[in-house]
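Have the structure open as you read.

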Amino acid sequence: MKIDLTDTTASKINKALVQGRRAIGTPAVGMVLTLVIVTDEENAYDALRAANDASHEHPSRTLVVIKRVSRSPRDRTQSRLDAEVRVGADAGSGETVVLRLYGEVSDHAQSVVLPLLLPDAPVVVWWPVNAPLDPANDPLGALAQRRVTDTYASEQPVRELSARADTYTPGDTDLSWTRITPWRSMLAAALDQVVCEVKAVEVEGEEFNPSCELLAMWLADRLDVPVKRSLSSGPGLTAVRMDTDSGPITLDRADGSLATLSIQGQPDRAVALKRRETAELIAEELRRLDPDDTYASALRFGVERLNSGPVSAVRGAEAAEAAVAKAVQAVALAGAAVARAEEPPTEVEGPAKGEPAAGPAQIAAEASGKEAKAQEPVTKAAAK
């Protein structure tokens, strides 16, 4: 069932939701959370379809916020709110409200969304595209316990990862991180099967795929070994190779669906690692609403530290360099002291025969006179 409202208010939208539930015979509200989708008109259909599919696992009230750009300066000063209320089969297992904001009200979307949130239920905000650099401080993000972005949809994914690390707040997550959950599970299970020590890792994948960087940062952060990031034609992640003292461990996925796990001394095994749809990713993120500490640790490791040594090795190298510098300085000081000790004593002219020895006052006067003569050329040059 669909109800279209033009130039409406949040109060009228709530009344339409109650009316729609009564019309289909389900007046009770059996939803577990509120999912707010902030997107544009171009990507609204795909995002709403993914949310409807995810609602079969997590019944929720979905609020789609679409900020419409006014064409003329006059239209920008006129605020208007249009809504499309969907209940029943048209809204999956929950209910959906599509909000289109025009004019000045688009700058205050939180005031429209706040009255429509389910009471005493968690709030999740999802930006399929054009996510803010600091989701927690965004007016809509401040209403949520969980904030979902997608770095893969940005123009510069690697740079966006660095920005996400600088502004991370507990509750932030990214679908690029969700995409590598099967990879992380498979690699952890492979390391549990053998007793070994990992020496180096190589992660191979597409150039502009932030999931590859996140997987490499996770491995470098957890294993404390150098991780090399290499490029391939894709699709997505293609291979992870771990060099261990018991032989190589390789997880290779060349076609984007079926992978091969190779462990030294064991037969190769086929593993299902199909690239998942957005609905599956959103459903996974809605399963847990607590902060993801593992994601935070991997994100803060930093993209710029990939293709280098482990953290402990870098710190050890810095300490070794400092110790060598101190040793060189100590040797230089000792050599200078030995050289001074070996210098012959300087002969001191004594007074001429028959002349009395100079007293302390005379010596001081002669020293001050020599100092004054030495400063005369400098003073004249400054005057010129």
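Here is a short tour of the ring contacts.

This is a predicted model, where local features need pLDDT of at least 70 and side-chain atom pairs count only at pLDDT 80 or more, while totals for chains, interfaces and linings use all residues. Residues are numbered from 1 along each chain as its sequence is written, and side-chain values use heavy atoms, leaving out hydrogens and water.

**Ring pairs**
- You'll find 2 aromatic pairs here; rings of Phe, Tyr and Trp (its six-membered ring) pair if their centres lie within 6.5 Å, and planes under 30 degrees apart count as stacked, over 60 as edge-to-face and the rest as tilted.
- Tyr168 and Tyr295 have ring centres 6.1 Å apart and planes at 65°, so this pair is edge-to-face.
- Trp177 and Tyr295 have ring centres 5.5 Å apart with planes at 55°, so this pair is tilted.
- Together, ring pairs join Tyr168, Trp177 and Tyr295 into a cluster.

**Where the partners sit**
- Trp177 belongs to helix α6 (residues 175-178) and Tyr295 to helix α10, 118 residues apart; helices are DSSP runs of H or I with at least four residues, strands are runs of E with at least two, and both are numbered from the N terminus.
- Trp177 counts as buried at 2% relative accessibility, and Tyr295 is buried at 1%; buried means under 20% relative accessible area, exposed over 50% and partly exposed in between (1.4 Å probe, protein chains only).
- Tyr168 is buried too.

**Charges over rings**
- Arg80 has its charged end over the ring of Tyr102, 4.2 Å from the centre; this label needs NZ of Lys or CZ of Arg within 6 Å of the ring centre and within 35 degrees of the ring normal.
- Arg305 places its charged end over the ring of Phe301, 4.3 Å from the centre.
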